[in-house]
Amino acid sequence: MRRHWVILVAMSAAASVFDHRTSDRGDTANRADDARHVIVVVSDGMRWQEVFRGADSTILFSDQAGPAADADAARRKYWRPTATDRRAALMPFVWGTLVRQGQLRGNRDLDSRVQVANGLKFSYPGYNEMLTGRPDPRIDSNEHGPNPNVTIFERLNRRPGFTGSVAVFGTWDTFQDIFNVERSRLQVFTNGSKPHDNLVHRQVLPYVDRLAPRALFVGFAETDDWGHEGRYDRFLDAAHAVDGYLADLWAAVQSNPRYRDRTTLIFTADHGRGRLATDWRHHGVDVAGAEETFLITAGPGGSMRGEVRGTNNVLGDVALLTAAAVGLRYDRACAARADGLVRRLASALTRADCLSP
Ligand SMILES: [Zn+2]
């Protein structure tokens, strides 16, 4: 842990120097810097149902909404008569701002589907699928260890213009394995095994302000944790907090000349949860509905805005969208072949990055 903090401080100092120099060089340097950026935010085990319908009455008015006083508070905060009002109460930034500046996929009430394809419906297989573009049946445990596959963030970090400007923040030590820090040399900042979303957020904001990384991953986890605890009140509070973190991040992006109008935000989850009051707490291979998730993108260039109807996506599309956001095409089939080689031949990494302009 200490080692990561030293790196963070060192990088921040470097950023101050860089900021000073660019401001001295003036407008010419600013205009020349039209590099595009991408920020991927994940709320672990967040359900599409709450994103698009708001609080679920069958759970909010059950005994899973917490002790009486907390349940009452949750109902006051999040219960409204219509789904439109409920979702706006739960995620005011998503439904006030992102809906006007981005695309929202995964509302099954509008026949828009985002599917987790790995069949296992828990975290490591989901993050691997999201970050490499495809499921890998060998990854069948959160204790799998270092990822044999190369994530899109590792691929970007190996490209000129990105190297050293790619960072991962997450409230779960397993991200060290998922992003394979030993091999990838990515900057991966984690905070232990218990989720502390607010702590992660407070680390991310100053980092973003000062360094404006080309590619950033932020992993929140309290939604999953409170889901397992069967505390729907706190699950909703965690989702509401993530909406606030997204708002803060977006405000930081729009107020930073290096980011404004050239940054794409992607928001998704690694898996869903059960559909019913009896199984919403759970996810996994036997839980129907836990393969259902959502995908929100916002940024420059998109012509289609708002909720999307009649679409089908898989979680692995996140890897393609991450590359596309910085102007690159990611070849999933190439990556599958290259990942096979990586295990035998480290130099294969640099020969086949599977990204093209
Ligand atoms: Zn879980």
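Student: How many helices and strands does the chain have, and what percentage of its residues count as buried?
Tutor: This is a predicted model. Its secondary structure comes to 17 helices and 13 strands. The chain has 357 residues, and the share that counts as buried is 58%.

Student: Which residues are the protein donors of the zinc ion?
Tutor: The donors lie 2.0 to 2.5 Å from the zinc ion. Along the chain they follow the spacing D-x3-H-x54-H. Two donor entries are OD of D224, and the others are NE2 atoms of histidines. The residues are D224, H228 and H283.

Student: What is the geometry of the zinc site?
Tutor: Four donors count as tetrahedral if all angles lie between 85 and 135 degrees. Here the angles among the four donor atoms span 55 to 143°. The site is irregular.

Student: How many residues apart are H228 and H283, which link distant parts of the chain?
Tutor: H228 sits in helix α13, residues 222–229. H283 sits in the loop between β7 and β8. The pair is 55 residues apart.

Student: Is H283 buried or exposed?
Tutor: Buried means under 20% relative accessible area. H228 has 36%, so H228 is partly exposed. H283 has 17% relative accessibility, so H283 counts as buried.

Student: Which strands stand at the edges of the eight-stranded sheet?
Tutor: The sheet is open, with mixed pairing, in the order β5-β4-β6-β1-β7-β9-β2-β10. Each edge strand has a single partner, so one side of each is left without a neighbour in the sheet. The edge strands are β5 (187–190) and β10 (306–307).

Student: What is the bridge partner of Q103 in β10?
Tutor: Strand β2 covers residues 102–105. Two bridges join β2 to β10, and these strands run parallel. The partner of Q103 is G306.

Student: What angle does helix α14 make with β7?
Tutor: Helix α14 covers residues 232–254. It lies across β1, β6, β7 and β9. Its angle to β7 is about 170°.

Student: In the other sheet, which residue of β11 stands opposite V114?
Tutor: Three strands form an open sheet in the order β8-β3-β11, with mixed pairing. The edge strands β8 and β11 each pair on one side only. Three bridges join β3 (residues 113–115) to β11 in parallel. Opposite V114 stands N313.

Student: Which element gives the most residues to the largest nonpolar core?
Tutor: That core has 51 residues, and V41 and F294 touch the most other members. Eleven residues come from the top contributor, α14.

Student: Which arginines does F294 contact, leaving aside its neighbours within four places in sequence?
Tutor: Its contacts include M46, W48, V51 and F52. F267, T268 and A269 are also among them.

Student: How far apart are the C-alpha atoms of R262 and A35?
Tutor: R262 lies in the loop between α14 and β7. At 17% relative accessibility, R262 counts as buried. R262 and A35 are 227 residues apart along the chain. Their C-alpha separation is 7.2 Å.

Definitions and conventions:
Residues are numbered from 1 along each chain as its sequence is written. This is a predicted model: local features need pLDDT of at least 70, side-chain atom pairs count only at pLDDT 80 or more; totals for chains, interfaces and linings use all residues. Side-chain values use heavy atoms; hydrogens and water are left out. Donors are N, O and S atoms within 2.8 Å of the metal (3.2 Å for Na, K and Ca); water is not among the atoms, so sites may look incomplete. Four donors count as tetrahedral if all angles lie between 85 and 135 degrees; four count as square planar and six as octahedral if opposite donors are over 155 degrees apart and all others between 65 and 115; anything else is irregular. Helices (H or I, at least four residues) and strands (E, at least two) are DSSP runs, numbered from the N terminus. Buried means under 20% relative accessible area, exposed over 50%, partly exposed in between (1.4 Å probe, protein chains only). Two strands pair if DSSP finds at least two bridges between them. Contact means heavy atoms within 4.5 Å. Axes are lines fitted to C-alpha atoms, for helices over the stretch in contact, and angles run from 0 to 180 degrees between N-to-C directions. A nonpolar core is a set of buried Ala, Val, Leu, Ile, Met, Phe, Trp, Tyr and Cys residues joined through side-chain atoms within 4.5 Å.
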